[in-house]
Amino acid sequence: MAPRADGLTLALPKGRILKQALPLLRRVGIDLAGVWEGEHDRRLLFELPARPERPGGARVLLVKPVDVPTYVEHGVADVGIAGADTLGEEARDLYEPLDLGIGACRLVVAEPAARPTPLRRGMALRVATKYPRLTLNHYRSKGIQPEIIPLFGSVELGPITGLAEQIVDLVESGETLRQNNLREVETILYVTSRLIVHPASLKLKQAPITALITALRDALATDGSGSSARTAARPTGSEGTA
Ligand SMILES: Nc1ncnc2c1ncn2[C@@H]1O[C@H](COP(=O)(O)OP(=O)(O)OP(=O)(O)O)[C@@H](O)[C@H]1O
Ligand SMILES: O=P(O)(O)OC[C@H]1O[C@H](OP(=O)(O)OP(=O)(O)O)[C@H](O)[C@@H]1O
């Protein structure tokens, strides 16, 4: 096997994306089995031992999903995995060579099914969200300058409690919206997780990074899970933004 992650540091998102990323990473020689012991394991840094095909070993950092781009942008990690939602929220100097197809969901506008708010240019509107920048851009394109109410979770409570008229949040199955009597108004962004690379690492560690990208691309091409996730999240012909 060709060296694929030799000497690289990877920043991986804890939580739901990690679960989907692990089988893919295993296929390209980054195997956390027997190293990371699962969600109860509180360690955050793992050294993958050197092997004949990876003489320099590899290092894995487990970080909060929203922090992955920060580790890569600062060059602490050479590569990382981050959702298009996280990447779209803040402009960063990162190379984004590959859509991994995992972590598929959508960033949508939603509101109470029984209390829709018709939108008019220049209207006053309160919108609760974890994504202030993507949200502002979306409403500004409609001539609306909303008051953004920043939340870090349970965003669906916003319109139920009267905190906001609308929300912008991620939808996967649609179950959270449904159980809270909310309806989707519009999709802002089709989200999947991307491989991100520190630009300097791409030059300084060109061989292992190119090998990793190629191996991941090959694994995705022969693995139904990546492409099916993409298909589920994104209608044919759409590209990133809705
Ligand atoms: N149903 C979903 N809800 C939220 N994020 C999802 C969903 N499906 C896929 N994702 C992707 O997973 C990423 C991380 O989501 P996750 O909820 O694991 O992180 P988090 O919000 O930091 O978690 P926590 O609940 O621990 O704060 C999102 O940025 C998005 O790209
Ligand atoms: O469409 P669904 O499959 O129901 O998934 C969407 C929900 O999942 C996420 O919340 P998460 O579970 O991360 O909890 P949070 O509200 O604390 O962010 C997201 O913010 C939605 O609330």
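By class, 3 nonpolar, 5 polar and 4 charged residues make up the shell around ligand 2. Here Ala, Val, Leu, Ile, Met, Phe, Trp, Tyr, Cys and Pro count as nonpolar, Asp, Glu, Lys and Arg as charged, and the others, including Gly, as polar. The model is predicted: local features need pLDDT of at least 70, side-chain atom pairs count only at pLDDT 80 or more, and totals for chains, interfaces and linings use all residues. Residues are numbered from 1 along each chain as its sequence is written, while chains are lettered from A and ligands numbered from 1 in the order in which they are written.

Ligand 2 is surrounded by residues that include G153, E156, D169, E172 and T176 (C-beta atom, placed from the backbone, within 6 Å). β9 (166-171) and α6 (175-179) each supply at least two shell residues. The largest share, 3 residues, comes from β9. Helices (H or I, at least four residues) and strands (E, at least two) are DSSP runs, numbered from the N terminus.

Strand β1 (residues 9-13) is mostly covered, with 5 of its 5 residues buried (20 or more other C-beta atoms within 10 Å of a residue's own, C-beta atoms being placed from the backbone). T9, A11 and P13 lie on one side, L10 and L12 on the other. In a regular strand, side chains alternate between the two faces of the sheet.

β1 pairs in the parallel sense with β3 (residues 58-63) over 5 bridges (pairing requires at least two DSSP bridges). A11 stands opposite L61 in β3. β1 also pairs in the parallel sense with β4 (residues 79-83), over 2 bridges. There, V79 is the bridge partner of L10.

Key
Buried ≥ 20, exposed ≤ 12 C-beta atoms within 10 Å, placed from the backbone.
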